[in-house]
Structure formats: C-alpha cells, structure tokens
Amino acid sequence: MVRISGVTRRLSKNIRWIVIFVLTCVPFIILITSGSLTMYDSSNKTVLQPGFHSDESSSNIKSRFTERNHIVREGCRTLKQYYIAQNSEAAVKEHLVVDRKKNIVYCAIEKIGCTFWKRIFQILSGWRNVSDPFSIKGIHAYEGYQTAKRLPFDKIHQILRQSKKFMFVREPFERLVSGYADKLYSPNAAYWNFIGRYIVANFRDKPSNLSLECGHDITFEEFVKYFIYSQNTNEHRDAHFVPSFEHCRPCEIEYDYIGKMETFKDDTFQIIQELNLQNVVKFRDFQNETDVDAIIDTVDYVYSMKRAIEKCMPLPMALFRSFRKLQIRGILSKNIKFPYDTSKQIEIPPLEYKRFLLKAHEKSGDAKVRKKNREEAFLEAYSKISPTLLNRLKKTLLIDTVLFGYEDLPKKITDLENKTPYNENFRFFTM
C-alpha cells in the first residue's frame, strides 16, 4: 500500500504540473494562432521562413534596376542645376550606412523605408541577435550600425569602390504627403515644435495663440509653402522633406541598385538575394509584419510624447490623428470607426489602443482595397493647392523627378479639375 500510495502521489504531482502548463500556455498559444499577438524570434532558435516571394520575376526586377541607373546617368548629364545641391558633404556622409565586413553601403533617406533597412544593418553588425528585422521596434532602429559620418574622405572613397551600393527613392509628390501626414498631421510634438511653430509664424495670417505656441494644426497647403521656401532659401530645412538626390548624390556616387517605394517588396527581396543576405535576414509574412510594425510603431511614438502632446490637444484627438494616418497609409480600412470621444481629456492605456488597432487591422479586409486610401488621401491633399503653388512645387521637385524617372507633375494631380477627387463625406485630413 505504501508503494502504491507513493506512485499515486507522484502521478498526482505530474498531473498538477500538466494542468498548470495547459492553463498557462494554451491561452498564449491561442492568442498567437488567432493573430491577436505577434511573436518574434529574438534568439534565432526558431526557424523562420525565408518568405522571399516576389510578385515579379528576378529578370524583370534586374532589368528595372538597369533602366533606373540609365535614367540617373542621363539626368546627371543634362541637369546642370543638380550641382547646386544644398545638403552639405557632412550630411551626405551621415546618410551612408556602411557594413565593411560584407562590403555594403546603403544611402538612407527618410520616409523611404530607412527604418526597415537600418534594422537589417543592426542584424548585420551583430547588434541584434535576430533574423527578422520586424522583431526590432522601429523606435529602437537608430543605433548599432556604422555610418560614414566620422570617416575621412580617402577611407570613404575606398569603401565605396569596394562595396555594393544601393538606395531607395519615392515619387516626390507622394513623399511630401507622407512626410506631412507622419510629422505634422499625426501627433509629433518634436516636429510641431521645430517645424509647425515656424510654419504658423511665417505662413499663416492671424494665427491663434495656441497655434503659435503648439504648431499642431498645420494644413498641407501651409506645409507646401514652407517646403518651397525652405528649399529656395536653405532655411529651416529638415531631412524628412529634403529631396532625395541631396541625401545620396547619385551623380557622384554610382549606385548598383536604385529601389523604389512603389516596388519596395520586390526590390528589397532582390537586393537581399543579390547581396547574399537571404540566410541572415528572414521574414514570416512580409506584408502583414509591415502593417503590424507600423501600428505598434505609431502607438509607441504617440505615447512617448504624450505629456507634450496633451498640452496642445486631448489624448483622444491625438490618437484619432494617428488612427487617420494608418488609414492614409492603407493599413486600416476607411470603414473602421474610431471608438473614442475626441473632445474629452480621458486616459486611454497604450495596450488598449494597440489591441484596438490590431483588431481593426484584422477586420480591414483586402490589402489592395486598402491601398486605394493612399491615392484618395493624396488627391485630397493636392486638391487644396492652387495651380500657381503647384507650378512652384513642380520646379522645386524637378531634379528628383528627372533623375528617378517620375512625372514632373503627376497626371492624377492635373486631372483634379475634371473630377471629384474623394468622397465628400469622408476626410483623411480633419483637424
């Protein structure tokens, strides 16, 4: 009997541990499989799927790179005004991200996927022991890699000669809308203070005291006026808006690969394979991870500046603008409703807001339908710009449009006079 009782006690103990395991882990597993919680590999022990599934053939993408290089070389030959670029050589050096072990140089340009690529360079340098770049928070992507900032020019010349070099560009008029939505429309106390207040003081008639103090309610038209002025005078400029050619000097540095934001996934996968990085960098689901990453990054930034933002507007209004930014980017459907009263100063925990956004993303439907939001927001923004101001903007962006093969003024903008650009009952940029 003693022996049987001992066995019974041991069995009971084992059963208790099994019950504890089930109660602890099963809910966690359910969250992961249901998509409510995103798990990332932080130790490289989990085998990640490479996930390099391009929409186009490798030969087509290579031909595209060749054509882009040809357009740049032709533009450099014909554009005499290129050589009055205003970014200093020191600023250009700071944008060159270098990996000397693998002989790779990347020219990082703000608002063109640079946070994503900087995380890859953190992995290459060994700063992060992960395989999936999306396992690194975007807010932590600005350290752990080398730039050419403190390197002498003879060393930079040697590195450039020995390395594969790449950069990414974006349709210039689109990049301005994206920069405005991210840095001035969406809550960003740092940019409200540095750029917003400057714009209110210099480009608005009879501003209110709150606007002068906060710079939180800049319109896209005011932003465009500021951008043109800052480019023409070289005053109060910011890297997020400065034209791409100034960042990377493609007429002085011949890049092996010029990717574009419009074909970001395919170009990225091709470059990763061309540089033999496919065994170092891996993804689970590139598109979904991109969307979830943008959601988490958006919430983290708002709450990192919460105290400063609340001096200018209630937290729910700030979160509403961040919500609109995700709709503008095509991450959330236009049909999703914002659940909070924007007029009241109430506390909304960041985890609660993240959960709402992640569930909203799950309910937002087909990605191709959501991407139409970007064009509608683009047309809404430019519908407020007069023909005279558009013509000035066209001249200001001319070098980027010529060098990188874009229309000098997008046809969809010139067509605005002949059609209703957006749903009259829905506004992306509401103040």
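In which helix is Leu 319 found? Leu 319 is found in helix α14, and the tour will come back to it.

**Before selecting anything**

This is a predicted model, in which local features need pLDDT of at least 70, side-chain atom pairs count only at pLDDT 80 or more, and totals for chains, interfaces and linings use all residues. Residues are numbered from 1 along each chain as its sequence is written, and side-chain values use heavy atoms, with hydrogens and water left out.

Colour the model by pLDDT, the predictor's confidence in each residue, from 0 to 100. The mean for the protein is 87, and 86% of its residues reach 70 or more. Now select residues 1–50: the pLDDT there is below 50, and this stretch has 42 contacts in the model beyond near neighbours in sequence. A contact means heavy atoms within 4.5 Å. Where pLDDT is low, the predicted coordinates should not be read in detail.

**Stop 1: the sheet**

Switch to a cartoon view. Helices (H or I, at least four residues) and strands (E, at least two) are DSSP runs, numbered from the N terminus. Two strands pair if DSSP finds at least two bridges between them. Five strands form an open sheet with mixed pairing, in the order β3-β1-β2-β4-β5. Its edge strands are β3 (146–147) and β5, each of which pairs on one side only.

Select β4, residues 164–169. Five of its six residues are buried, where buried means under 20% relative accessible area, exposed over 50%, and partly exposed in between (1.4 Å probe, protein chains only).

Strand β2 (residues 104–107) runs parallel to β4 and is joined to it by four bridges; in one place Ile 104 has Lys 164 as its bridge partner. Strand β5 (residues 257–260) also pairs with β4 in the parallel sense, over four bridges. Here Met 167 stands opposite Ile 258, and Phe 168 has Gly 259 as its partner.

**Stop 2: helix α6**

Select residues 172–185, which make up helix α6. How many of the 14 residues of α6 are buried? The count is 13, so the helix is mostly covered.

Use the distance tool on the end C-alpha atoms of α6: they are 18 Å apart, which agrees with the 20 Å that its 14 residues should span at 1.5 Å a residue. The expected span is 1.5 Å times one less than the number of residues.

Now show the side chain of Glu 171. Glu 171 caps the N-terminal end of α6, with a side-chain oxygen 3.0 Å from the backbone nitrogen of Phe 173.

**Stop 3: the disulfides**

Select the cysteines and show their sulfur atoms. A disulfide is a pair of cysteine sulfur atoms within 2.5 Å, and a search of the whole structure finds three.

- Cys 76 is joined to Cys 251, S to S 1.9 Å. Cys 76 sits in helix α2 (residues 58–78) and Cys 251 in the loop between α10 (244–248) and β5, 175 residues apart. The torsion about the S-S bond is about -90°, so this disulfide is left-handed. Cys 76 is buried at 9% relative accessible area, and Cys 251 counts as buried at 18%.
- Cys 107 is joined to Cys 248, S to S 1.9 Å. The pair links strand β2 to helix α10, 141 residues apart. With -95° about the S-S bond, the link is left-handed. Both Cys 107 and Cys 248 are buried.
- Cys 214 and Cys 312 have their sulfur atoms 2.1 Å apart. Cys 214 lies in helix α8 (residues 209–214) and Cys 312 in the loop between α13 (306–309) and α14 (315–328), so the pair ties together parts 98 residues apart in sequence. The torsion is about -95°, so this disulfide is also left-handed. Cys 214 counts as buried at 3% relative accessibility, as does Cys 312 at 15%.

With the bonded cysteines numbered in sequence order, the pairing is 1-5, 2-4, 3-6.

**Stop 4: back to Leu 319**

Select Leu 319 in helix α14. Is Leu 319 buried or exposed? Its relative accessibility is 0%, so Leu 319 counts as buried.

Show what surrounds it. Leaving aside neighbours within four places in sequence, Leu 319 is in contact with Val 302, Tyr 303, Phe 338, Ile 348 and Tyr 353. Finally, select Pro 187: Leu 319 and Pro 187 are 132 residues apart in sequence, and their C-alpha atoms are 7.7 Å apart in space.

Conventions
A polar contact is a pair of N or O atoms within 3.5 Å; within protein, one must be able to donate a hydrogen and the other to accept it, and residues adjacent in sequence count only if both atoms are side-chain atoms.
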